Amino acid sequence: MRHIARVLTIAGSDSGGGAGIQADLKTFAALGVYGMSAITAVTAQNTLSVTAVQPIDPQIVREQIRAVVSDIGVDAVKTGMLYTRDIIEVVADELSQLKVPVVVDPVMVAKSGAKLLREDAEEALIKRILPLATIVTPNIPEAENLAKMSIKSLEDAEEAAKKIAAIGPRAVVVKGGHLEQDECVDTLYYDGVVKRYRGRRVSGGTHGTGCTFASAIAALLAKGYDVYEAVEEAKRFVEEAIIYSQTVGLGVAPISPLGKTVLDAQKMRVLEKISEAVSLLEANPAFAQYIPECQTNVAMALPDPRTREDVAAIPGRIVNAMGRVKASGCPKFGASRHLASTLLAVAEYTPSVRAALNIRFDEGLLGAARRLGYLCSEYDRSKEPPEVKAVEGETTKWGAREAIKKVGTVPDIIFHRGDWGKEAMIIILGKDAVEAVKKALKIIEAVQQRRS
């Protein structure tokens, strides 16, 4: 069996799912390591505030750590909310017996302002936990507390990092998100060397950024990255998690460690479905005679599409090559205009219909479709408002809305009979690209059978 890196988070539970062990475990999953947890406290919190904290019995914390270490093993540890002095003492005792990288997120105050470390526990954190750390990841307020100084600039952050390193950790990275600068610059002090990591100030939710950053570093160290590489990659990872943050709740939205991973998987599934659909078309030469003058395309959208870039199709479309069906290229996102606009309109009414295929207008095809039980709806291009014609790609979006309104639901087929200089067209819809193509082939087969 291939060995998978194993990472333990020792932290509090966030009932809102955006920070704490919930964020840590999502991060571990996204970075391909096996995640384990020792819960130090249960918090009642959401995106607005922390309303209650219940620390776990220190001996239960100890047993959680020992249970996973003795059986599964650990390649790196991340600590977050430790809360009480007694819990810190237990965690320090257990960490001192491990010979693995330890990443300490010195959690003191939540974004909402709630205290996540008791005042009598701060000294224990500094004296017992920080000296055991491979790397400590304070934000500006935490670094000010630990270094006992004000931080207003990158030079201040550098000085604070050196002061914190003097406590005992091998490396300190002072996160720059709280500094009022155009860039977000993190300052790393490691082995006497200062390195700054510059990043964009991206828009999105930020609840859970500290937890995610520290757990990402731990995961990367467990996989064999060095400190410099781990900090750089973790910073990029957090930027993406902010970009893909999830808009939930009324307060600070949580970031999404799995956001890009899920999106990449969804994109791959869309491309695979279109490729499978194209193979079906290319294996059916009878389809070639139904390719219109403007050529055919098959498109499929991601879940909840917002723009044409969320819809994949064939660049150059699908053509009739001397009686054979041939795709002009491999599927690509952003390759469709008209079908993408249709699918964006359809998405306003239902999330389940995400694919479309256009074919030549033929009354025989419509008749066969109706006999097969497919719901068909028409729109009239001659009634297209001038303001719609003036915007590229809006015609098919407007038409799809009109066709849907006419039957009160998303039909299987939307068609129009053309207009001056505009080719008549049939658009077949489906839950995915393969379903749309199978509908088309079934309709064509029914036409051929009737003619024979």
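**Helix packing**

I looked up α10 (residues 338-347) against α13 (residues 394-407): the two helices pack at about 40 degrees, with axes 7 Å apart. That makes α10 oblique to α13, since angles under 35 degrees count as roughly parallel, over 145 as roughly antiparallel, 65 to 115 as roughly perpendicular and the rest as oblique. The model is predicted, so local features need pLDDT of at least 70 and side-chain atom pairs pLDDT 80 or more, while totals for chains, interfaces and linings use all residues. Residues are numbered from 1 along each chain as its sequence is written, and side-chain values use heavy atoms, leaving out hydrogens and water.

Next I checked who touches whom, with contact meaning heavy atoms within 4.5 Å. From α10, H338, S341, T342, L344, A345 and V346 meet T396, K397, A400, R401 and I404 of α13. By class I get 5 nonpolar, 4 polar and 2 charged residues in this contact.

**Burial of α10**

I used buried for under 20% relative accessible area, exposed for over 50% and partly exposed for in between (1.4 Å probe, protein chains only). In α10, 8 of 10 residues are buried, among them L339, A340 and L343. The cover over the buried residues includes β10 (298-301), β11 (311-313), β15 (355-360), α13 and β18 (425-430).

**Cysteines**

I found 0 disulfides, a disulfide being a pair of cysteine sulfur atoms within 2.5 Å. For C211 the nearest cysteine sulfur is that of C184, 16 Å away. C211 counts as buried because its relative accessibility is 12%. C330, at 62%, is exposed.

Notes
Axes are lines fitted to C-alpha atoms, for helices over the stretch in contact, and angles run from 0 to 180 degrees between N-to-C directions. Helices (H or I, at least four residues) and strands (E, at least two) are DSSP runs, numbered from the N terminus. Ala, Val, Leu, Ile, Met, Phe, Trp, Tyr, Cys and Pro count as nonpolar, Asp, Glu, Lys and Arg as charged, and the others, Gly among them, as polar.
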